[in-house]
Structure formats: C-alpha cells, structure tokens
Amino acid sequence: MNKKRFIWKLLLIIGIIPFVVVTVYGISNAIFGFSGLCLGINCSKSLGFDAFIDSIILYSYLFWPTYIIGLLLMIISIFKLKK
C-alpha cells in the first residue's frame, strides 16, 4: 500500500511542476528583464511586474497543454490519495 501512495504523491508533485516553472520563469524575467518576441535592433527590456505578467502570458500561450496535463495529474492523484 505504501508504494501506491508514494506513486500518487510523486504524480501530485509532477503535476505541480508546470505551475512552479512558470512562476520561477516570471520572477526571473522580472528581475533580469524581458524583451518578449523582439526581433528588431532596438529592443527594450521591461522589468518588474510588467515583465512578470508578459512572460507568464507568453509562456502560457505557448505551453498551455502543460497546464492541462498538470491539472489532470493533480486532480487524479488527490482523489486517489483521499481514498
């Protein structure tokens, strides 16, 4: 029984990873700057909360399936752990 609980806890942690990654990515871009999808020569970096929000929006637009997979893993593992 303990082995099954460990597997469901591991799947819960794996499900949380996409949300942690995007938060760390946003914080990193808020500190070091974020230029978005700038392809020109005169690209300016935004810092702070604007960079945080912009990077999260861009990441979420590109990698939205990771949120769905993570959410499904979290829901299934929570139900299995409650049993």
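Predicted model: local features only at pLDDT ≥ 70, side-chain atom pairs only at ≥ 80, totals over all residues.
**View 1. Packing of helix α1 against helix α2.** Helix α1 covers residues 2-32, and helix α2 covers residues 49-62. Their axes lie 8 Å apart. The packing angle is about 140°. The crossing of α1 and α2 is right-handed. From α1, the contact draws on Val21, Val22, Thr23, Tyr25, Gly26, Ile27, Asn29 and Ala30. From α2, the partners are Ala51, Phe52, Ser55, Ile56 and Tyr59. By class, the residues of this α1 and α2 contact are nine nonpolar and four polar, with no charged residue.

**View 2. Ser55 in helix α2.** Ser55 sits in helix α2. Its relative accessible area is 0%, so Ser55 is buried; the cut-off for buried is under 20%. Ser55 belongs to the α2 side of the contact with α1. Setting aside neighbours within four places in sequence, Ser55 is in contact with Tyr25, Gly26, Asn29 and Phe34. Among these, Tyr25, Gly26 and Asn29 are listed on the α1 side of the helix contact.

**View 3. Crossing of helix α2 and helix α3.** The axes of α2 and α3 come within 4 Å. They cross at roughly 80°. This makes α2 roughly perpendicular to α3, because the angle falls in the range of 65 to 115 degrees. Helix α2 contributes Tyr59, Ser60, Tyr61 and Leu62 to the contact. Helix α3 contributes Trp64, Pro65 and Tyr67. The residues of the α2 and α3 contact divide into six nonpolar and one polar, and no charged residue takes part. Tyr59 of α2 makes contact here with α3, and Tyr59 is also listed in the contact of α2 with α1.

**View 4. Ser77 in helix α3.** Helix α3 runs over residues 64-82 and includes Ser77. Where does the side chain of Ser77 reach? It reaches the backbone oxygen of Leu73, at 2.8 Å. Ser77 has 0% relative accessibility and therefore counts as buried. Not counting residues up to four places away in sequence, Ser77 touches Trp8, Leu11 and Leu12.

How values were computed:
Residues numbered from 1 in each chain as written. Heavy atoms only, no water. Helix = DSSP H or I, 4+ residues; strand = E, 2+ residues; numbered from the N terminus. Buried < 20%, exposed > 50% of the residue type's maximum accessible area, 1.4 Å probe, protein only. Polar contact = N/O pair within 3.5 Å; in protein donor to acceptor, adjacent residues only side chain to side chain. Contact = heavy atoms within 4.5 Å. Axes fitted to C-alpha atoms, helices over the stretch in contact; angles between N-to-C directions. Left-handed = near helix turned anticlockwise from the far one by under 90°. Nonpolar A, V, L, I, M, F, W, Y, C, P; charged D, E, K, R; others polar. Parallel < 35°, antiparallel > 145°, perpendicular 65-115°, else oblique.
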